[in-house]
Amino acid sequence: MASPSYHVIEHSTFVDFTGYRVTNATTAQEAYGFDDGVLFSPSSDTPGIAVALVLPRANDPTTLLDGDWGSRQQELAALNAQGALWTTYGTDPAVFHAARTYVTDTLGLTVLDASNSTYVTSAESRTIWVSITSQADFQALFGTDLRYSSDAGIYFWNGNLSKPDGLDLAGLWIDVSTIPPGSNLAPGVSATLPEGPQSLGNNAPAFKAGETVNLVPQDMAAQYNFPLDGAAVQTKAVGLLEPAIGAALPDGDGLDVFRSLLTDYLTAIGQSGDGVLSVQGIEGQNYTDFGIRAGERSLDVSVVVGVNPNSDIVLFNGAGGNGLAWGTTYTAIQSATFPGADKQRVSAWSDSFGDAQSMSPDSLFYKAYWELYVDSVLANQTAVTALGDGGASEEIGNGLTNLEYNCTQPYSLLVGGSSLSLLSAAQRDPTLAATVLAPAMAGDLALIWQLVAGGMSVLPTNLTSDDFFVETAWNYYNVVTTVDKSGNTIHHIEGPPEVSAGYPVNSTTNGGVDPTQPVPSYQVAYGLTPTTTDPLAQVGRGAPDVTANGGGNAFYQLANADMSFTGGYYYGTSAASPLWASLIVQIDTIFADQGLPDLGYAHDLLYTASAIAPAAFNDVTMGNNVGSWAYGDQDSPYMSGGIPVIPTGFGYYAGPGYDLVSGLGSPNGTVLARTLSAIAHSQLFFASNPDMLDADGSGGWTSGADQSLILQTMSAGKATVAVELGGVDLDFTSGASQSYAWTARLAEQTLQADFDPALVQLYDGFRQGAVAEWIAAAGVGVSVQLNGTAAEAIQGTLSSPFGFADFMTDSGVVRMARAVGVAETAGGADDQMAVVRVRQNGVDDMSVSFFEVDDLTGVIGNLEPGEAGYAAAALANAYQLASGGTVLHGPGYGNYVQTMLLDVDAGDYVAMMLANQSSGETYWAFSRANPDGHGHLWSYGLNTWGFEDQLDGGDRDFNDLVIGLDFTSAAGQGWLA
């Protein structure tokens, strides 16, 4: 048989594989600084490598990936029902068979599959793993030499690889994990660091029992209001990527011993459950060579089992850590996505390891990893990834800000780390005590407002020592100067042995921008253009997506490496990631109860949830992850991690809304679950319902229906509003909104039973902007100007399906919202119950009723709102309440009440009427029908309305009622009620 011809694979140098945007070297020798590279010759220490040949897909999944969550779920369900998912989006079986035959018969190579390894080789995975155990093997596959450096401990090659003409490759992966030291890519840049902690909220001193906040997992989950009691509910199975270590123990004990130790751990933290832990690829687990990973493994397992003790857990070992296998995360992801027909499927998996490489975005290596995450989308799994603990540099000394680029695909939920401070920790933290805690205790309205946005739900003076106070960025960097130059050290303040810090050490949340890819569609829709703060100022995917406690002022109390329970201080984004995975499977369980599929790839749902229900996330607004650096020399002014460094001062700061330190924020689990449920039902069962606004294709908007629209201004100063609706001008002026006029976030937070009434009353009486109302016909053009400047509805495509849009300029916001809600019930079912939640400020003289109308303009029969006879028609159409009657009386004085509407049908148009029992006046969901315009209703967000009764001629506004209506919390489907 003739020898194959070879064709150069562009962008396939060793540096393309390992060091993109890390080093300016072009060869392995330059990048790693060695000169001992020799031709590879197998030995017991260097047995060879495994190579993944990734074949093209039978069909392009781009359309599926670009659709919304609902359309993806419908297509995946249809393909799975036909048994056609992987024949559609894997490799054509005939193509796979031909390629495999070519590899074995023509190239003479050994394929690694289930018959001889735990590598995943299949048409479904589009992958053929190949064993390279000789120089001839590498030559046959790539037409060049494989080399090895004992100094660097790496296999490498010179120049580009080539591929034989019989292989059509869509991706390529070498089963090793390595990254070169960084080159200084910001030459001449240096920064002088301030003395002491580099960020606030991480410096509670004295790591002592009874003083340091050290929470068991279920108590950490409680801080984030997880929706299910993990001790009572069997949630969906969780996967944990534990490459090479699996469930291995130091004495070689088996899985039964590990399970027994896990039961002991649960007992020690006050939990019990019947979840079963299993291991994929247990024959490849290896404690002897990979024991350093055991602590990470035990951390992952402890978090998940502590939160969801009845959940099954699968540890994915991947190809393992024996023979050719290096224990890479790549192989563990493949094993999680393609577990085999006889293995347990997981709905979400968490990765706390990652691989080291930074691959050129033009390379087949990059494409292989990218498509690996596409496979997780097709498998309808939520991929949850610890973003990293290396600060803005991600421990790469190149002077720039960096991410771990192999795991930042748009399909991976990237989790950053925060520092959660209970009151007791804040009292001991010098960076919080004087500048945050003291003014909050003194009643600083602006600061308390910021803290409430961040998740504080109790008035500061009512807090107990174990109550949540503030959440900041996790950042342990601390500069200590001594007489000895080596004392200009960047490390953590008064840390115990378990806590170390510094630029080359895991000690601060990563976060920043991945310029190897464009900004994902869900971030574009959210209005983001993430840009690096370093001199390259590159645009790309922003990270993280979300955050949770990573350390700082609250630690995790977990089992140690050998699964004995010591209660040590555990921390890192590698704890935040399994915490988020535990929340995801709780939401998956709620979804299953409501007849919904698993979340899977749901980034668009998460970003939409933040836009329409801001209280679904706690807004982390304090702290930073600044920590870019380059390698120094003997003259460098700073030491960190035992090496001289040059701080370059780049990084990111937390702030209001999405930021590159905390993403959307940390979860308010129950509000998030409610919101995701509503979005999911809307997309799956009510996609034909008209959006409030439709994009017109040229940057403008049209009315999505015949509808009654409420407009309200939020501005710091007097505002002039000009609205054009189909050629009809609606102009009005508004006074300034006062600083603490209620927002969507605050309204939604108050609709939780445990929210402190004192906080509700604290922010009563602050004036909202003016309210106007107009009827818009379907299809007419819609535009808004505020103070003469065209306003943009930046997140309009996310919020319009849920009845509102914010038109924004630098001087303020005009919210446009429907006055009528649409009953998008669980599963599109009729005869359901809908949860009503009410929070009242002021006196208890207001009541609310809900009634059905005929359309989005509020018509009942032939009666318009405000016409004679309309009130009687509304009363006749009023919904009965589970608590009796049709009228829900306000609880008064900041208090909360909840009931249910009975007999709600899918697609009902629902409006509200309110009564002032003191004056006898009745107010409607339509300002044009209200007496003297005194009563104003406005939309805060997803099925959440506010009502204010303007008294004394409008001299003062009172936010009398906040009303939430949850259509998806239906009878028999009450997880969220």
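1. Let's start with Leu 53. Leaving aside residues up to four places away in sequence, Leu 53 touches Val 103, Arg 126, Thr 127, Ile 128, Val 130, Leu 141, Leu 167, Leu 169, Gly 171 and Leu 172. Bear in mind while you read that this is a predicted model. Leu 53 belongs to the largest nonpolar core, which has 216 residues, and is listed with Trp 173, Phe 469, Leu 579, Trp 580 and Leu 672 as touching the most other members. There is also a second, separate core of 44 residues, with Ala 878, Met 913, Phe 926 and Leu 961 among them. As background, nonpolar side chains tend to be buried together in soluble globular proteins.

2. Arg 126 makes a salt bridge with Asp 375, and their closest N and O atoms are 2.7 Å apart. The pair links distant parts of the chain, since Arg 126 sits in the loop between strand 4 and strand 5 while Asp 375 is in helix 13, 249 residues apart. Arg 126 and Asp 375 are both buried. They also take part in a network of salt bridges that includes Arg 57 and Glu 371.

3. How many salt bridges does the count come to? The answer is 13. Another of them joins Asp 113 and Arg 100, with 2.6 Å between the closest N and O atoms. Here Asp 113 is in the loop between strand 4 (110–112) and strand 5 (127–132), and Arg 100 is in helix 6 (residues 93–106), 13 residues apart. Asp 113 counts as buried because its relative accessible area is 10%, while Arg 100 counts as partly exposed because its value is 25%.

4. Now have a look at Asp 514, in strand 21 (residues 512–514). Not counting residues up to four places away in sequence, Asp 514 touches Leu 403, Tyr 405, Thr 408, Gly 540 and Arg 541.

5. Arg 541 does find a partner elsewhere: its side chain meets that of Asp 545 in a salt bridge (3.0 Å, N to O). Both Arg 541 and Asp 545 are buried. In this stretch, check the peptide bond from Ala 543 to Pro 544 too, which is cis, with omega near 5 degrees. Pro 544 is in the loop between strand 22 (541–543) and strand 23 (546–551).

6. On to the aromatics, where a search of the whole structure turns up 44 pairs. In one of these, the ring centres of Phe 14 and Trp 157 are 5.2 Å apart and the planes are at 85 degrees, so the pair is edge-to-face. Phe 14 is in helix 1 (residues 14–18) and Trp 157 in the loop between strand 7 (154–156) and strand 8 (162–164), so the pair ties together parts that are 143 residues apart in sequence. Both residues are buried.

7. Trp 157 has a further ring partner in Phe 365: the centres are 6.3 Å apart and the planes at 40 degrees, so this pair is tilted. Phe 365 lies in helix 13 (residues 364–378), so its pairing with Trp 157 ties together parts that are 208 residues apart in sequence. Phe 365 and Trp 157 are both buried.

8. Two backbone spots to check. His 11, in the loop between strand 1 (6–8) and helix 1, has a positive phi, near 60 degrees, though it is a residue other than glycine. Glu 395 is not a glycine either, and its phi is positive at about 65 degrees. Glu 395 is in the loop between strand 16 (382–386) and strand 17 (412–422). His 11 is partly exposed at 35% relative accessibility, and Glu 395 is partly exposed at 24%.

9. Last, two buried places. In helix 12 (residues 329–337), 9 of the 9 residues are buried, so the helix is largely enclosed by the rest of the structure. Leu 798, in helix 23 (residues 796–799), is buried with a relative accessible area of 11%. The C-alpha atoms of Leu 798 and Ser 610 are 9.6 Å apart, although 188 residues separate them along the chain. Not counting residues up to four places away in sequence, Leu 798 touches Ala 525, Tyr 526, Tyr 607, Thr 608, Ala 611 and Ile 612.

Note on methods. Residues are numbered from 1 along each chain as its sequence is written. This is a predicted model: local features need pLDDT of at least 70, side-chain atom pairs count only at pLDDT 80 or more; totals for chains, interfaces and linings use all residues. Side-chain values use heavy atoms; hydrogens and water are left out. A nonpolar core is a set of buried Ala, Val, Leu, Ile, Met, Phe, Trp, Tyr and Cys residues joined through side-chain atoms within 4.5 Å. Buried means under 20% relative accessible area, exposed over 50%, partly exposed in between (1.4 Å probe, protein chains only). Contact means heavy atoms within 4.5 Å. Helices (H or I, at least four residues) and strands (E, at least two) are DSSP runs, numbered from the N terminus. Rings of Phe, Tyr and Trp (its six-membered ring) pair if their centres lie within 6.5 Å; planes under 30 degrees apart count as stacked, over 60 as edge-to-face and the rest as tilted. A salt bridge is a side-chain nitrogen of Lys or Arg within 4 Å of a carboxyl oxygen of Asp or Glu.
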